[in-house]
Amino acid sequence: MRDLAAKLLRLDRRAIFVLIAVATLIPLLYPIGLPIRVSSEVKRVYDHIESLPAGSVFLLSLDFDPASKPELYPMAVALLTHAFKRDLRVVAMTLWVTGTGMAEKVVSGVASDYGKRRGLDYTFLGYSPGGSNVIINMGQDLNAAFPTDHYGERTADLEVLRGVRSLRQVNYMVSLAAGTPGVESWYVYGKEKYGFELGGGVTAVIAPGLYPFLDTGQINGLIGGLRGAAEYEILIGMKGKAVAGMDAQSATHFIIIGLILLCNLFYLLAPRTVVRSFDRAQDGPGSPQEVRR
Amino acid sequence: MTLFLRRTLPLAITFLLGVAAAIQYYIPHPISEGALTQMSVWLRIMLGFAMVLGIASLCQVHYAKIRARIAGWGYSLIVFLSMLATVVVGLWAGGREEGTGFGWIYTYTLLALQGTMFSMLGFFVASAAFRAFRARSKEATILLVAAVLMMFGRVPLGEYLFPASGPVAGWLLNVLNLAARRGIIIGISLGGIATSIKIIFGIERSYLGGRE
């Protein structure tokens, strides 16, 4: 038994990769559709959009690049679907240059699904260089920050932006962010000075870092990771990519939990010499070397 | 004269603009707001030049690697080739993506490569979790238990099997995580304020360059 534990402790990582691949693929091919509980932080974003009267200005900043597409793209689809269903005036943009093409696709795609007209019901402002400074610039003068939209139309002439001179006229803003500039930048340089209501949608990795902002009301709601996107899809009655991905996420989480428990079991059973050599090889978090340091 | 241009003038500009920007925030007068509008436009223009500087620096680093044939110099060559190809195709397409080669590069290389890189993380995280998450000390045990509870509570299967895991994960995020994060944010903010004051008053001068 001790020998077996020692062998398994040195398990080839390719075996783990195969396990994860299988755990991801099978639920995607044969979904189970387990119930998803909606959290209060996601519900607050939904409720705020529900409370906006038709014609309100909804600014969506897609501050992410293709690396975060699996988590944030479904979120964008769900939020845009909700906004178009509520007949809000949708103004989309991005602060990440590598996200521009992807952001344009999702905005124009969902808009066409709901028969919305560009320039009248929605616009995509595109990307403007300057990071957080773009937010200040938009807060001061939106037309100066974006003289034209992504398609080359003068923003001052767009019907969808009628009466919107700066961020002060925005009724609700959501930043879908994978880093900086993102939700924090929109709070510090935008909401704090120009007074619009702000919500956030972020990758699961950075979501825990935004809970202090949520607790103080600096952001009114938070959609975190694929789970948050799935919750939003449930709220608007849409079974999209996020809901489909939750079964795969359930399976991979359980595989990882199983691996952790097994490794700890092998660790206890394996001979001390094997454990010591394993420790030296890892030198990872919690290792004796690291603890001494 | 050189010392004046290299040290005194940048320090004076930093002091004046730093103090002006701090005061401006508290004066909502049209003149003050107009100044902020102008400043935000100027900042964006300067960032455009910073981008040029960044690209020049990137080229310098990779050119040095290729010239010295440092291990992995082939990757530096790929950086140059792909950058050149993207710029040429982008200029040829007039910056438009729809139905152009530029759009093709974006969709079939950048989008695919970035997606692949991020997806691979999932596999490495699983492998790392198997090897690193062990109860070797009190701290490691706490981390391990918290990680397992979070992984249970954030997926439907976990909540289905153990209904209490969802609220437990929520409590971990809303109480323990929040308290720790708040402390970190306050610390970072105080550090940021202190550094800003040091820069405005010329105590911190590393931004002037090494020869100052």
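In chain A, helix α2 (residues 13-29) and helix α11 (residues 241-269) have axes that come within 7 Å and cross at roughly 150 degrees. Angles over 145 degrees count as roughly antiparallel, and α2(A) and α11(A) are therefore roughly antiparallel to each other. Their crossing is right-handed. On the α2(A) side the contact is made by I16(A), L19(A), I20(A), A23(A), T24(A), P27(A) and L28(A). On the α11(A) side it is made by A244(A), D247(A), A248(A), A251(A), T252(A), I255(A) and L259(A). Sorted by class, the residues of this contact are 11 nonpolar, 2 polar and 1 charged. The model is a predicted one, and local features are reported where pLDDT is at least 70.

The domain assignment of chain A gives two domains. Domain 1 of chain A is made of two segments, 1-30 and 243-270, while domain 2 of chain A covers 40-239. The C-alpha centres of domain 1 and domain 2 of chain A are 37 Å apart. Domain 1 of chain A gives 4 residues to the contact between them, and domain 2 of chain A gives 6 residues. On the side of domain 1 of chain A that touches domain 2, there are 2 nonpolar and 2 polar residues, with no charged ones.

Most residues other than glycine have a negative phi, and most peptide bonds are trans. The peptide bond from T180(A) to P181(A) is cis, with omega near -5 degrees. P181(A) lies in the loop between β4 (172-177) and α8 (183-194) of chain A. D87(A) is not a glycine, yet its phi is positive, at about 60 degrees. The place of D87(A) is in the loop that joins α4 (69-85) to β2 (89-94) of chain A.

Chain B has 7 helices and 0 strands. Its order of elements from the N terminus is accordingly written α-α-α-α-α-α-α. Chain B has a radius of gyration of 26 Å, whereas a compact globule of 212 residues would have one near 17 Å. Taken along the principal axes, the C-alpha atoms of chain B fill a box of roughly 70 × 50 × 40 Å.

The assignment for chain B gives domain 1 (1-68) and domain 2 (134-212). The centres of these domains of chain B, taken over C-alpha atoms, are separated by 31 Å. Their contact takes 8 residues from domain 1 of chain B and 6 residues from domain 2 of chain B. The side of domain 1 of chain B that touches domain 2 has 4 nonpolar, 2 polar and 2 charged residues.

A helix pair in chain B was also examined. Helix α5 (residues 138-153) and helix α7 (residues 165-200) of chain B pack at an angle of about 125 degrees, and their axes are 8 Å apart. The two helices, α5(B) and α7(B), are therefore oblique to each other. The crossing in which α5(B) passes α7(B) is left-handed. From α5(B), A146(B), L149(B), M150(B), F152(B) and G153(B) meet S165(B), G166(B), V168(B), A169(B) and L172(B) of α7(B). The contact of α5(B) with α7(B) holds 7 nonpolar and 3 polar residues, and no charged ones.

Between the chains, 54 residues of chain A are in contact with 54 residues of chain B. Each of α2, α5 (100-113), α6 (132-140), α9 (211-215), α11 and α13 (288-292) of chain A supplies at least two residues of the side of chain A that touches chain B. The largest share of that side comes from α11(A), with 14 residues. By class, the side of chain A that touches chain B has 28 nonpolar, 19 polar and 7 charged residues.

One helix pair between the chains is formed by α6(A) and helix α2 (residues 30-67) of chain B, which pack at an angle of about 145 degrees with axes 9 Å apart. The crossing of α6(A) and α2(B) is left-handed. In α6(A) the residues in this contact are N133(A), V134(A), I136(A), N137(A) and Q140(A). They meet E33(B), L36(B), T37(B), S40(B), V41(B), L43(B), R44(B) and L47(B) in α2(B). The residues of the contact of α6(A) with α2(B) divide into 6 nonpolar, 5 polar and 2 charged.

Technical notes. Residues are numbered from 1 along each chain as its sequence is written. Chains are lettered from A and ligands numbered from 1 in the order in which they are written. This is a predicted model: local features need pLDDT of at least 70, side-chain atom pairs count only at pLDDT 80 or more; totals for chains, interfaces and linings use all residues. Axes are lines fitted to C-alpha atoms, for helices over the stretch in contact, and angles run from 0 to 180 degrees between N-to-C directions. Helices (H or I, at least four residues) and strands (E, at least two) are DSSP runs, numbered from the N terminus. Angles under 35 degrees count as roughly parallel, over 145 as roughly antiparallel, 65 to 115 as roughly perpendicular and the rest as oblique. A crossing is left-handed if the near helix is turned anticlockwise from the far one by less than a right angle, and right-handed if clockwise. Two residues are in contact if their C-beta atoms, placed from the backbone, lie within 7 Å. Ala, Val, Leu, Ile, Met, Phe, Trp, Tyr, Cys and Pro count as nonpolar, Asp, Glu, Lys and Arg as charged, and the others, Gly among them, as polar. Domain bounds come from an automatic or database domain assignment. The radius of gyration is taken over C-alpha atoms; the globule rule is 2.2 Å times the number of residues to the power 0.38.
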